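Subject: Structure for your review

Dear colleague,

Please find the structure below, handed over for your review. My notes on it follow.

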Amino acid sequence: MITAIVLIKTSVDRIPEIAESIAALESVSEVFSVTGTYDLIAMVRVARHDDLADVIPGRISKIAGVEATDTHVAFRTYSQHDLEAAFAIGLDG
């Protein structure tokens with residue numbers, strides 16, 4: 001699974017509607033409304049690297065009100081859930 005973090009600049013007066021439209025797209029797992037230079041951050045998860053082109057410039061960038069995107073592809077994922085599972089190995093019983 002390939003994960004991309006997409007930083008998105010939008011029309012400020014339409015942030016909630018744009019966020020909902022992005023969140024409804026297949027392969028988008030979460031959309032966060034944030035402070036700072038960007039208005040939204042979307043987490044995109046796809047099976048193949050080529051699929052990112054279909055989702056980000058092909059769908060997200062075409063939503064009315066999306067002004068710019070900046071995409072970062074994750075090399076490796078670290079999460080609390082992974083750590084908890086690793087420490088639980090062999091503790092059954």
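Is Asp 51 buried or exposed? Asp 51 is buried, at a relative accessible area of 17%, where buried means under 20% relative accessible area, exposed over 50% and partly exposed in between (1.4 Å probe, protein chains only).

Please note that this is a predicted model, in which local features need pLDDT of at least 70 and side-chain atom pairs count only at pLDDT 80 or more, while totals for chains, interfaces and linings use all residues. Residues are numbered from 1 along each chain as its sequence is written, and side-chain values use heavy atoms, with hydrogens and water left out.

Salt bridges

The structure holds three salt bridges, each defined as a side-chain nitrogen of Lys or Arg within 4 Å of a carboxyl oxygen of Asp or Glu. Arg 48 forms one with Asp 51, with the closest N and O atoms 3.0 Å apart, and its side chain meets that of Asp 50 in another (3.9 Å, N to O). Arg 48 is partly exposed at 47%, whereas Asp 50 is exposed at 54%. Arg 45 and Glu 30 also meet in a salt bridge (3.3 Å, N to O). This pair links distant parts of the chain, with Arg 45 in strand β3 and Glu 30 in strand β2, 15 residues apart.

Sheet and helix

Helices (H or I, at least four residues) and strands (E, at least two) are DSSP runs, numbered from the N terminus. Four strands form an open, antiparallel sheet in the order β2-β3-β1-β4; two strands pair if DSSP finds at least two bridges between them. The edge strands are β2 and β4 (66-73), each pairing on one side only. Between β2 and β3 there are five bridges, and Phe 32 has Ile 41 in β3 as its bridge partner. Helix α1 packs on the sheet and touches β1, β2, β3 and β4 (contact means heavy atoms within 4.5 Å).

Backbone

Ser 27 is not a glycine, yet has a positive phi of about 85 degrees. Ser 27 lies in the loop between α1 (15-23) and β2 (28-33).

Yours sincerely

Note on methods. Axes fitted to C-alpha atoms, helices over the stretch in contact; angles between N-to-C directions.
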